[in-house]
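Work through the exercises below with the structure at hand. Try each task before reading its solution.

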Amino acid sequence: MDAVKRYFRSPAAVIGLVLLLAVIAMALAAGFLYPRDPLALAGRPLVWPFTNPRFPLGTDNSGRDIAAQVFYGARISLLIGGVATAIAITIGTLLGAFAGYYGGWVDNILMRITEAFQTLPNFVLLLVLVAVFGSTLTTVTIAIGVVSWPAPARLTRAEFLSLRNREFVQAGRTLGMKDLQLILGEILPNALPPVIVYAGVVMAVAILLESALAFLRLSDPNVASWGNLIGLGRDVLRVQWYVSAIPGIAILVTVLAVSLVGQGLNDALNPRLKQR
Amino acid sequence: MRILTLAGRRLAASIPTLFLILIGVFLLLQFAPGDTVDAMMAQMGGGDAATARELRKFYGLDLSIPMQLANYLWRLVRLDLGFSSIYGKPVATVIMERLPPTILLMTASLSFAFFFGLVFGVIAARAVNKWPDTLISTLGLIFYATPSFWFGLMAIVVFSIYLQWLPAGGLEDIGQVQTGVWRMIDIARHLILPTLTLGLIFLAIYLRIMRASMLEVLNLDYVRTARAKGLDETRVVTGHVLRNALLPMVTLIGLQAGTMLGGSVVVESVFSLPGLGRLAYESVIQRDLNTLLGIVFVSALLVITVNFVVDLLYARLDPRISAEG
């Protein structure tokens with residue numbers, strides 16, 4: 001409970017939590033506030049924000065409600081960010097756990113692969129994956145997860161290296177536990193907290209990657225995503241710059257919220273580090 | 001000399017990594033719908049099956065996948081990246097044409113981010129928990145969360161459309177032919193907004209790391225000694241703290257090289273710069289898989305080179321590194 005108290009003592013962490021809850025509320029309220037398809041025509045194209053009460057945030061180039069797209073976009077961003085992060089953390093912890101636990105040639109091979117992934121710029125790899133597997137919501141999410149696992153893998157490996165010869169592991173070994181039991185049941189729960197905290201960074205990057213991909217029109221065009229809307233707004237940037245500006249602020253707020261919460265958790269769970 | 005051997009050993013260790021990447025991406029691209037010949041036929045406006053077979057044979061695409069891979073790697077050893085059917089030129093030529101703007105952009109962004117990250121980091125650390133620190137740290141957080149392409153677009157709206165101070169895109173003014181210094185100035189003017197756009201997120205990262213690293217070094221005993229012998233605060237920072245606090249920053253350059261290259265894909269698209277990143281994007285759109293594979297090779301090579309330079313720099317900053325085996 002100390003950690004919770006510490007978390008709420010930091011104003012930045014509280015602001016982050018409030019912003020994150022607001023984005024989640026937007027995602028939940030989208031279907032309730034805008035029951036119609038956000039990508040359906042709603043009115044005249046390019047209505048400026050705050051001029052027509054029916055469209056508080058205006059309409060885009062083809063007359064779709066920007067506010068509706070921003071609300072539904074929160075769903076897409078959180079969905080892609082969350083699932084991609086889960087994929088990255090799962091792959092990362094598993095590979096990192098095996099590399100750190102077994103060491104030797106297993107470690108060597110796994111770390112070589114990790115290094116290969118880190119040497120290739122992740123956005124370039126993302127482009128290759130999208131070029132090969134196409135750009136539906138599912139493939140894009142998996143692709144983002146697949147390019148994001150190396151950092152969690154290194155983190156898990158480092159934790160495993162320091163934990164694998166502790167007394168509790170040796171005790172487990174003496175009791176005749178199998179490697180897999182030791183890895184998943186004994187060491188992993190102890191190695192996980194820093195990795196979970198790092199998930200905040202992974203998620204922030206995942207949201208940014210998806211929006212960049214969507215902006216380049218390489219993400220799923222059939223969902224209301226913030227990046228898609230910014231890409232569309234680019235065609236009318238000269239005069240109706242608000243079409244791009246509004247969803248960009250939504251991305252900024254979401255990424256800020258996720259990183260503030262991640263940072264807050266980090267400081268709350270590792271109080272000694274915070275003194276620096 | 002020791003430094004060179006050490007860095008050289010790390011360079012040699014990255015060769016297997018490079019091959020791993022190439023083999024992986026090559027095999028990955030086999031899953032891609034349609035091959036180069038399909039793309040060429042589409043460009044030509046269609047053709048019969050016999051022509052397609054001829055072409056596949058000519059490009060060695062009728063061989064088995066392991067044979068194609070072996071062929072590809074053997075050609076790579078001779079620095080032959082294959083032929084781009086879209087551009088009608090060897091891939092190596094296409095990439096070499098597109099490399100200079102990207103390197104220029106990356107160097108400029110890195111210098112911008114490194115310099116201002118250092119300055120702001122030092123200012124924040126010296127006023128820790130006072131208002132300059134709060135201001136700088138908050139700005140850093142916001143910059144970190146800003147999507148670069150969006151910042152680029154907004155910069156275009158403000159500086160190119162409303163104020164009309166800077167050009168909105170391109171590498172140089174194609175309306176008039178310029179030479180020498182004027183051409184350089186023109187290119188520099190075109191690169192200001194892209195540099196800021198690409199550098200912003202790295203500025204945020206660098207200033208955060210610099211601040212943390214300064215705070216850590218400022219608490220060490222030798223700094224107390226320096227103060228005790230009567231040096232003023234500026235001399236302590238510039239003469240004693242800075243060099244040690246710089247080490248994590250330099251490490252970060254190597255770690256972030258790939259991210260920066262990835263970021264340039266987006267930034268070059270926003271500002272229509274004819275660079276490597278834009279080429280990567282175009283080859284995805286046009287299904288020019290040969291070029292895409294070439295770009296993968298060159299970008300991995302670029303990241304490895306940056307890390308080699310970082311190793312050298314690192315040893316220069318901290319002599320202990322080259323002294324240890």
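**Exercise 1. A helix pair in chain B**

Is the crossing of helix 6 of chain B and helix 8 of chain B left-handed or right-handed? Describe also how the two helices pack.

Solution. The model is a predicted one.
- Step 1: find the two helices, helix 6 at residues 131–145 and helix 8 at residues 180–218 of chain B.
- Step 2: take their axes, which come within 8 Å and cross at roughly 140°.
- Step 3: classify the angle. Roughly antiparallel would require an angle over 145 degrees, and helix 6 of chain B and helix 8 of chain B are therefore oblique to each other.
- Step 4: The crossing of helix 6 and helix 8 of chain B is left-handed.
- Step 5: list the residues. Helix 6 of chain B contributes B:Ile136, B:Gly140, B:Phe143 and B:Tyr144. Among the residues from helix 8 of chain B are B:Leu200, B:Ala204 and B:Arg208.
- Step 6: sort the contact by class, which gives 9 nonpolar, 1 polar and 1 charged residues.

**Exercise 2. A second pair in chain B**

At what angle do helix 10 and helix 12 of chain B pack, and which residues make the contact?

Solution. 
- Step 1: helix 10 of chain B covers residues 233–270, and helix 12 of chain B covers residues 289–317.
- Step 2: the angle between them is about 175°, and their axes are 9 Å apart.
- Step 3: that angle falls in the class over 145 degrees, so helix 10 and helix 12 of chain B are roughly antiparallel to each other.
- Step 4: on the side of helix 10 of chain B, the contact includes B:Arg243, B:Leu247, B:Val250 and B:Gly254. On the side of helix 12 of chain B, it includes B:Ser299, B:Val303, B:Val306 and B:Tyr314.
- Step 5: by class, this contact has 13 nonpolar, 4 polar and 1 charged residues.

**Exercise 3. Chain A and its side of the interface**

How many helices and strands does chain A have, and which of its elements touch chain B with two or more residues?

Solution. 
- Step 1: chain A has 12 helices and 0 strands.
- Step 2: its C-alpha atoms fill a box of roughly 75 × 45 × 35 Å along the principal axes.
- Step 3: of the 276 residues in chain A, 51% are buried.
- Step 4: turn to the contact between the chains, which takes 36 residues from chain A and 44 residues from chain B. Helix 4 (104–119), helix 5, helix 9 and helix 11 (242–269) of chain A each give two or more residues to it.
- Step 5: the side of chain A that touches chain B divides into 24 nonpolar, 7 polar and 5 charged residues.
- Step 6: follow one residue across the chains. Apart from its neighbours within four places in sequence, A:Val130 is in contact with residues including A:Val140, A:Leu213 and B:Val284.

**Exercise 4. Two loop residues**

Which phi do B:Gln164 and B:Ser272 have, and where do they lie?

Solution. 
- Step 1: B:Gln164 is not a glycine, yet has a positive phi of about 55°. B:Gln164 lies in the loop between helix 7 (148–162) and helix 8 of chain B.
- Step 2: with 9 other C-beta atoms within 10 Å, B:Gln164 is exposed.
- Step 3: B:Ser272, also not a glycine, has a positive phi of about 35°. B:Ser272 is in the loop between helix 10 and helix 11 (276–285) of chain B.
- Step 4: B:Ser272 has 13 other C-beta atoms within 10 Å and is partly exposed.

Key. Residues numbered from 1 in each chain as written. Chains lettered and ligands numbered in written order. Predicted model: local features only at pLDDT ≥ 70, side-chain atom pairs only at ≥ 80, totals over all residues. Contact = placed C-beta atoms within 7 Å. Helix = DSSP H or I, 4+ residues; strand = E, 2+ residues; numbered from the N terminus. Nonpolar A, V, L, I, M, F, W, Y, C, P; charged D, E, K, R; others polar. Axes fitted to C-alpha atoms, helices over the stretch in contact; angles between N-to-C directions. Parallel < 35°, antiparallel > 145°, perpendicular 65-115°, else oblique. Left-handed = near helix turned anticlockwise from the far one by under 90°. Buried ≥ 20, exposed ≤ 12 C-beta atoms within 10 Å, placed from the backbone.
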